[in-house]
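Hi,

Here is the structure I promised to pass on.

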Amino acid sequence: MMIRTQAGFTLLELMISLVLGLIVVAAGMAVFLSGQRSAMLQGGMNELQQNANFGLAMITHDLRHANLNTPSTQKINNKQVGSGILFSTSNLASSLSGVDAALLTKQNSDNGATVGKSDQLTIQYIPEYTQVTQKKCKANTADADGKCNEGDKEDVVHYKIKNVDCEGNGIDFTEPRVIVQRYHLQADSSQIPGQPTAYSLYCDAGSYAEGDAAITGMSDTTKGQQLMQRIDGFKIRLGVKAPDKKLRYMTIDEYKAVMPATVTDDKNFYNVISVEIGILARSTSPLNSESLINNAKIFDVVGNDMTLKDEQKNGSKYLREVFSQVVAFRNTLGAS
């Protein structure tokens, strides 16, 4: 009778197999984690680009209306009544001389996620209205359902446009009015516990008619409509045509410095022909495992070096990117 010997794995072979298996598992896990990080990074970048492209497109569309149909003789500066950018109450009718300066274009006016403050931009324009006549009940003639006899109706003229203001309100007035829109940074109305303060770019819209003493619908304490979420900083530069016809970029304060009250001859005016808007945007979700993110980085936002506040710098790591857009004002004399 033949006896068969049974062979098995030695302890050394088992240990080698175990080590090789662990190496394969570790390699697979590394590939998985790397792919996951890449997916999160790509998702954050896509989110930033979509948010920025959509928001900048909306703002660009609005800014191209600045100075439209106003009594500014197609000039934008801090002297001209009707100027498409509101630098001071000199750009408004005399009846609006008491308007709060906090509603006007200012440099370093708003708190954000950066050490340096963000800017505020306020524009005005008169849209192209369509005049519509409607039959409405005269005062005190309508019943509980708002109806009245035909003899109690009168013609009421409405001025309408197809578009809406930056808050999404339909523009429908019984008299032509000037539209005013203020772009500013404020803390987001929705905060996530345990995360650093999130900021958003808002637009506050209002209007006024000839003889008004205030801009209806606007307040420096009103946030308005949220245009872009998770915006850490908002800065602007003005494209200016100097009296010598040369073109240059200036900050708001630099522009005001070359256009003080003592400059009264329009031959010496620096006129604004374009604006460059810059935003520092961040992702919604943190990427704590992303070693490439440096919270101490200095960001160049349209010529302004901006760094994060300590609260942001020492907090979670978010993907951040600077986006900018130059908008030439259509309703000016331009560079000619």
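First, the ground rules. This is a predicted model, so to speak of local features we need pLDDT of at least 70, side-chain atom pairs count only at pLDDT 80 or more, and totals for chains, interfaces and linings use all residues. Residues are numbered from 1 along each chain as its sequence is written, and side-chain values use heavy atoms, with hydrogens and water left out.

The overall picture: the protein chain has three helices and 14 strands (DSSP runs numbered from the N terminus, with H or I of at least four residues for helices and E of at least two for strands). Its radius of gyration is 29 Å, well over the 20 Å that the globule rule gives for 336 residues, so the chain is more spread out than a compact globule. That radius is taken over C-alpha atoms, and the rule is 2.2 Å times the number of residues to the power 0.38. Along the principal axes, the C-alpha atoms fill a box of roughly 125 × 65 × 35 Å.

Of the 336 residues, 42% count as buried (under 20% relative accessible area, with exposed over 50% and partly exposed in between, for a 1.4 Å probe and protein chains only). The chain exposes about 18,000 Å², and carbon and sulfur atoms supply 53% of that; the areas come from the Shrake-Rupley method with a 1.4 Å probe, and for residues only the protein chains shown count as cover. Among contacts (heavy atoms within 4.5 Å) with a separation of 6 or more, 66% are between residues 24 or more positions apart.

Now the disulfides. There are two of them, a disulfide being a pair of cysteine sulfur atoms within 2.5 Å. With the bonded cysteines numbered in sequence order, the pairing is 1-2, 3-4.

Cys137 sits in strand S3 (residues 130-137) and Cys148 in the loop between S3 and strand S4 (153-164), eleven residues apart. The torsion about the S-S bond is about -100°, so this disulfide is left-handed. Cys137 is partly exposed at 23% relative accessible area, while Cys148 counts as buried at 16%. Leaving aside neighbours within four places in sequence, Cys148 is in contact with Cys137, Thr141, Ala142 and Lys153. Lys138 is ten residues from Cys148 in sequence and 8.5 Å from it in space, C-alpha to C-alpha.

The other link is between Cys166 and Cys203, whose sulfur atoms are 2.0 Å apart. Cys166 lies in the loop between S4 and strand S5 (170-173) and Cys203 in strand S7 (residues 199-208), so the pair ties together parts that are 37 residues apart in sequence. This link is left-handed too, with -80° about the S-S bond. Cys166 is buried at 6% relative accessibility, and Cys203 is buried at 0%.

Last, the glutamate. Glu175 is in the loop between S5 and strand S6 (178-187) and is partly exposed, with a relative accessible area of 35%. Not counting residues up to four places away in sequence, Glu175 touches Tyr159 and Ala209. Glu175 and Glu210 are 35 residues apart in sequence, and their C-alpha atoms are 9.7 Å apart in space.

Cheers
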